[in-house]
Amino acid sequence: MPRVGLNQQTVVREAARLADEVGFSQLTLAALANRLGVALPSLYKHVRGADALAQKLAALATAELATEMTTAAVGRSGGDALRAMANAYRGYAHRHPGRYPATQRVPDPADPEHVEAGERAVGAVVAVLRGYGLTGDDAVDATRALRSALHGFVTLEAAGGFGMPRDVDRSYQQLIASMDISFRSWPGTGA
C-alpha cells in the first residue's frame, strides 16, 4: 500500500537521512523505496531516477550548508568570521556524512533551487573574504583556496586519513589560522 503524503520533498528528505546512515555512494533507489515502504516504481512518481535523486539531494544539502555557514559568520569579521564559518562547514560534514559529499555536485542550471543554494554558499565565503579586502579575481582565487583546504581536510578526516598522534581538532584550527594569515597577506593584484 502506498504511503500517504509521499511527495518529492518527503522522498528527498528521507534520502538525505538514509545517505547519512549508509553513505552517499551507497544510497540506492531500492533502499530508499524499502525505507519508505513503497514499491520501487512508486518512487518514479516523485524523482526521475537515481541521478535526479542525487541532484535534489545535492540541492538540499547545499542549501543546508549555505545556511549554516552564513548563520555562523553573521555579525563577525576577519579571522573570527573565517573561524566560525569554517567550523560550521566541518560541523555540517560531521553531522551529515552522507549529505556532505552531495554538496560537491555542481549545480544543474535547470534546477533553480540548487543554483540558488550554490550561490548562497559561495556568497557566504565571499562575504567573509570581503572582510579581508579581497574582491574580484582575488576573491575567486581565495574562495577556491579555502574550499580546497576545508573540503580536503574534512574528506581526509572522514576517510580516517589522519592517523598521526596529534589532535585533529587542533590541526583543523591551525589550518584555519594559516588561511587567516594567508588572506591577510594575499599576494593578489586587487583586481
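Before I start, when I say that residues meet or are in contact, I mean that their heavy atoms lie within 4.5 Å. What I am showing is a predicted model, in which local features need pLDDT of at least 70 and side-chain atom pairs count only at pLDDT 80 or more, while totals for chains, interfaces and linings use all residues. Residues are numbered from 1 along each chain as its sequence is written, and side-chain values use heavy atoms, with hydrogens and water left out.

Let me begin with the overall fold. The protein has eight helices and zero strands, where helices are DSSP runs of H or I with at least four residues, strands are runs of E with at least two, and both are numbered from the N terminus. Along its principal axes, the C-alpha trace spans about 60 × 40 × 25 Å.

Now to the annotations. In the model, residues 5-65 are 70% helix and 0% strand, with the end C-alpha atoms 27 Å apart, whereas for residues 28-47 the figures are 60% helix, 0% strand and 12 Å.

Next, a helix pair. Helix α7, residues 136-158, packs against helix α8, residues 168-184, at an angle of about 175°, and their axes are 11 Å apart; the axes are lines fitted to C-alpha atoms over the stretch in contact, and angles run from 0 to 180 degrees between N-to-C directions. That angle makes the two helices roughly antiparallel, a term used for angles over 145 degrees. On the α7 side the contact includes Ala-142, Leu-146 and Phe-153, and on the α8 side it includes Tyr-172, Leu-175 and Phe-183. By class, the contact has 11 nonpolar residues, one polar and one charged, counting Ala, Val, Leu, Ile, Met, Phe, Trp, Tyr, Cys and Pro as nonpolar, Asp, Glu, Lys and Arg as charged, and the others, Gly among them, as polar.

Finally, the pockets. A pocket here is an open set of points on a 1 Å grid over the protein atoms alone, where a 1.4 Å probe fits, with protein on both sides within 12 Å along at least five of seven lines, and lining residues have an atom within 4 Å of a point. The largest pocket has a volume of about 490 Å³, and of its 21 lining residues, Gly-118, Ala-121, Val-122, Thr-143 and Arg-147 lie nearest its centre. The second largest pocket holds about 240 Å³, and its lining includes Gln-8, Arg-13, Lys-56 and Glu-113.

Notes
Parallel < 35°, antiparallel > 145°, perpendicular 65-115°, else oblique. Points joined across faces, edges and corners; volume = space filled by probe spheres on them.
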